[in-house]
Amino acid sequence: QRICLVLLDVTPAMELLRAVVMELQDCAFDLLREIVATDREEIAFTDLDVAILIGSIPHHAGMLKKDLLKSNVRIFRSQGQALNKFSKKTVKVIVVGNPANTNCLVALKNAPTIPPENFSSLNRLGLNRAKYQIAARLSVEPKDVRNLIVWGNPSPKLYPDVNHAYFIRKCKKMSVTDGVGDSDWLQGDFIRIIQERNNTITKVRKLSSAMSAAKAISDHLRDLWVGTPEGDWTSMGVISNGNSYGVAEDLIYSFPVTIQNKTWKLVQDLAISDFSKQKMKLCTEEIVDERNQALTFLSESEW
C-alpha cells in the first residue's frame, strides 16, 4: 500500500525537517508516494488515515511533573482539536510522546467527533523489551515468545506480566514461567530491567531510545492495520472503559488486546495473581494522578 507521509514540526525546526525530507527521498522507498513537510496543523491533519503523535516536551532534570504535564497538555489539546476539525472520523491516532497515556487522553478529550476506540498509545516498546529478555533467557527467538502483557503506563511503573505467556521450542508450546523456572528473577530483576531500560539507555547515549522506539511504532501500526494472529494478543494503551480488571474508567491504560479489521478488543477475564494486582494498582494510581492533573489544566480559564 503506497503512502503519503505528512510531517509536522514547529516553525523554527522547518530547515531541519527539510533535511529529513531529503533523506527520505534518498532512501528511494518504493511505497512512499509523496512527502509533505509543514508547520501548519490545518495542512498536517487534513484527511489523515493515521496520525502518529511523536512530539512532546521531554522531562528535564529538576522539572516538576506538573509542569511537564501542563506543557504537554497544550500540545495535545491543540493536536486533538486539529484532528477533530480536519481529519477523517475514521483516523487511527497513535500517541508516542510521553507521558503517552495521558497525552493520548488529552487528545481524545479534544476530538469528540472521533470515536475513543480510534485512539491508542505506544506501549509496544516495553513489550518488545520484555520479549527480548525472555527470549534470551530461554534461548529462543523473540518471535517465538507469545502473549506477554505490559500493563499500565510507559513509565518506570510499567508492569511486564509473563503469567499467561508461552513460547515455542521445537514445535512445542510451553509456559514461560515453567520454561524460565525462576520466579525470583521473573518477579525481580526481569521487571526492573524493563522498567529501568529507558533510563539505562539515556545514561549511556545521553538521549532517550530512538531506533527501538521507531521499531515499536512500526510494530504497533502493523498490528493495528493487519491484525493480530489467531489466538495471540498484543499490548497497547487504550481507553479503559468496560475492562474486567478493576482499572478505573476514563483512563488510557495498557491492556492485552486482539485486533481484527483495524478494531481492537480487550482480552477480558484473565486470571490475575495477587502480585500482578498490586503492580497493576500502582500503574493505575500513577495514571489517575496524571489524568486528574491534566484535566485540571484543561479546565483552567486561561486555556
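Which residues is Ser235 in contact with, leaving aside its neighbours within four places in sequence? I started there.

**Entry 1: ground rules**

I am working with a predicted model, where local features need pLDDT of at least 70, side-chain atom pairs count only at pLDDT 80 or more, and totals for chains, interfaces and linings use all residues. Residues are numbered from 1 along each chain as its sequence is written, and side-chain values use heavy atoms, with hydrogens and water left out.

**Entry 2: Ser235**

I found Ser235 in strand β11, residues 234-239. Strands here are DSSP runs of E with at least two residues, helices are runs of H or I with at least four, and both are numbered from the N terminus. Setting aside neighbours within four places in sequence, I listed Arg124, Leu127, Leu148, Ile149, Val150, Ser254, Phe255 and Pro256 as the contacts of Ser235. Contact means heavy atoms within 4.5 Å.

I then checked burial. Ser235 has a relative accessible area of 1%, so it is buried. The cut-offs are under 20% relative accessible area for buried, over 50% for exposed, and partly exposed in between, with a 1.4 Å probe and protein chains only. I also noted that the Ser235 side chain reaches the backbone nitrogen of Val150 at 3.1 Å.

**Entry 3: α5 against α9**

Next I looked at helix α5 (residues 124-138) and helix α9 (residues 211-226). Their axes come within 8 Å and cross at roughly 105°. Axes are lines fitted to C-alpha atoms, for helices over the stretch in contact, and the angles run from 0 to 180 degrees between N-to-C directions. I therefore wrote the pair down as roughly perpendicular. That label covers 65 to 115 degrees; under 35 is roughly parallel, over 145 roughly antiparallel, and the rest oblique.

From α5, the contact uses Arg124, Leu125, Asn128 and Arg129. From α9, it uses Ser212, Ala213, Lys215, Ala216, Asp219, His220, Arg222 and Asp223. By class I have three nonpolar, three polar and six charged residues. Nonpolar covers Ala, Val, Leu, Ile, Met, Phe, Trp, Tyr, Cys and Pro; charged covers Asp, Glu, Lys and Arg; the others, Gly among them, are polar. Arg124 is also on the contact list of Ser235.

**Entry 4: domains**

The chain is divided into domain 1 (3-121) and domain 2 (123-290). These bounds come from an automatic or database domain assignment. I read 24 Å between the two domain centres, taken over C-alpha atoms. The contact takes 22 residues from domain 1 and 22 residues from domain 2.

How many of the ten residues of helix α4 (residues 100-109) are buried? Nine are, so the helix is largely enclosed by the rest of the structure. The buried ones are Ala100, Asn101, Thr102, Asn103, Cys104, Leu105, Val106, Ala107 and Leu108. I listed what covers them, including α3 (65-86), β4 (92-95), β5 (119-121), β11, β12 (252-260) and α10 (274-299).

Pro99 sits in the loop between β4 and α4. A cis peptide bond joins Asn98 and Pro99, with omega about 0°. Most residues other than glycine have a negative phi, and most peptide bonds are trans.

**Entry 5: positive phi**

I found a positive phi of about 55° at Ala28, which is not a glycine. Ala28 is in the loop between α1 (14-27) and β2 (32-38), and is exposed at 54% relative accessibility. Asn261 also has a positive phi of about 55° without being a glycine. Asn261 lies in the loop between β12 and β13 (263-266), exposed with a relative accessible area of 75%.

**Entry 6: Val91 and Lys92**

Is Val91 buried or exposed? Val91 is buried, at 0% relative accessibility. Val91 lies in the loop between α3 and β4. Beyond neighbours within four places in sequence, Val91 is in contact with Leu48, Asp49, Val50, Ala51, Leu83, Ile114 and Asn118. Val91 and Asn118 are 27 residues apart along the chain, with their C-alpha atoms separated by 6.7 Å.

Lys92 is in strand β4. I noted that Lys92 is buried too, with a relative accessible area of 12%. Not counting residues up to four places away in sequence, Lys92 touches Asp49, Val50, Ala51, Asn118, Leu224, Trp225 and Lys262. Lys92 and Lys65 are 27 residues apart in sequence and 28 Å apart in space, C-alpha to C-alpha.

Notes
A polar contact is a pair of N or O atoms within 3.5 Å; within protein, one must be able to donate a hydrogen and the other to accept it, and residues adjacent in sequence count only if both atoms are side-chain atoms.
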